[in-house]
Amino acid sequence: MAFVGGHGRIWGLAFLLFAFMPAAAVAQDADALPARAERLGFWSPGEQEAGYRAMETIFPATTIKAGGRVRALPVAETPLEIDFIHEHRPYTIDDFMKANRVSGLLVISDGRIVIERYGLGRRPDERWTSFSIAKSVTSTLVGAAIRDGRIRSVADPLSRYVPELKGGAYEGVTLAQALTMRSGVHWTEDYNDPASDFSRYATHMGPDFYRRMSAQPRDAAPGAKFYYSTAESNLIGAAVINATGKSLSRYLSEKIWKPFGMEADGVWMSSPEGLETGGICFSATLRDYGRFGLFMLEGGRIGGKPVLPDGWIAEATARHAESGFGDLGYGYQWWVDPSGAYRGIGIMGQALFIDPKRKLVVVIQSAWTRAGGPERYGLQWAFLQAAVDASDRAAAAGR
């Protein structure tokens with residue numbers, strides 16, 4: 001399993017989401033939370049540590065309601081021991097957490113917690129923002145909507161569910177092509193330019209935004225080219241909202257959050273129009289991210305009943321496109337490892353890693369002082385490889 005490759009390209013695809021989005025001036029603690037029109041990508045370390053765990057106090061957000069029985073997460077008698085070498089330097093778990101500013105680290109092996117650590121002053125009951133891991137959740141809701149008969153097929157044109165896209169740049173683009181970031185529609189994710197499409201529109205939803213996307217020029221034929229576009233994920237979220245007649249938060253709560261037994265409410269950042277942005281920033285506790293990973297490992301079934309169509313997870317986590325981001329391919333808003341493991345990735349150090357062969361889930365939540373770079377990603381991916389190796393050793397020892 002190779003996690004790191006093409007370091008120069010990793011930084012080129014570091015996805016500086018929100019780098020130029022102004023934060024709302026609402027804060028309960030003016031000494032800690034960002035309390036002015038601050039660009040989220042440039043928050044100070046202290047502002048990150050306070051803001052990432054309380055995004056709903058800074059930006060509009062909706063609630064993903066939990067309720068009912070909580071899914072137990074038993075703790076293994078023997079914790080997983082991880083020591084590894086990266087760039088000629090030895091690392092312990094504590095070393096890794098300190099170097100990569102990790103606020104939460106959870107490793108679940110065969111349904112049992114084998115590592116649970118917190119940093120940056122975070123408590124177990126506190127949420128943390130996901131950044132682009134939200135994309136992976138949104139794509140899973142597409143599967144649920146297909147199972148419910150609300151969306152007919154990923155082969156359908158996206159405009160069937162977002163009619164404002166008809167007759168424009170998205171004419172002929174299927175849901176599958178949007179899910180795999182291959183619409184061919186022009187979108188500039190230039191994080192150093194306040195006038196780029198991303199900087200101006202990435203947090204928007206609603207008919208005006210959809211019509212704006214329909215008016216974009218086309219760079220390539222549908223399906224011909226991969227390039228990362230947060231707008232694509234927002235439009236997928238719009239398809240789910242329109243098809244189900246429910247907000248993303250409500251649909252996630254009804255289909256997964258409550259029935260699977262999440263322990264706490266989540267929150268999902270909303271656009272100025274009051275709609276959750278499908279591509280960015282839902283927040284949950286560390287253990288609830290782990291439970292979502294278990295939901296995926298268990299085939300999208302709850303109590304033996306399917307939430308997702310037969311074969312959905314295999315299709316969603318197949319390698320549909322080459323990304324140029326290390327050796328990872330891209331599926332339906334999931335990054336796919338050559339080994340068959342897959343992950344959601346969010347800037348500033350967020351990761352949800354799922355290895356079906358080993359029944360392994362790893363959650364990492366962080367506050368990197370910049371969005372990425374080969375050093376940060378290299379260390380994170382080295383830790384993930386070390387967790388896989390340690391899991392193999394523990395299995396061989398019968399633990």
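**Loop backbone and a helix pair**

Analyst: Met348 lies in the loop between strand S14 (342-346) and strand S15 (350-355); helices (H or I, at least four residues) and strands (E, at least two) are DSSP runs, numbered from the N terminus. This is a predicted model, in which local features need pLDDT of at least 70 and side-chain atom pairs count only at pLDDT 80 or more, while totals for chains, interfaces and linings use all residues. Residues are numbered from 1 along each chain as its sequence is written, and side-chain values use heavy atoms, with hydrogens and water left out.

Met348 is not a glycine, but its phi is positive, near 65°. Most residues other than glycine have a negative phi. Met348 is buried, at 2% relative accessibility (buried means under 20% relative accessible area, exposed over 50%, partly exposed in between, with a 1.4 Å probe and protein chains only).

Arg101, in the loop between helix H3 (93-99) and strand S4 (102-109), is also not a glycine and has a positive phi of about 50°. Its relative accessible area is 15%, so Arg101 is buried.

For the helix packing, H4 (residues 133-147) and H9 (residues 248-260) meet at an angle of about 65°, their axes 11 Å apart. Axes are lines fitted to C-alpha atoms, for helices over the stretch in contact, and angles run from 0 to 180 degrees between N-to-C directions. H4 is therefore roughly perpendicular to H9 (65 to 115 degrees; under 35 is roughly parallel, over 145 roughly antiparallel, the rest oblique). Contact, meaning heavy atoms within 4.5 Å, involves residues including Leu141 of H4 and Tyr251 of H9.
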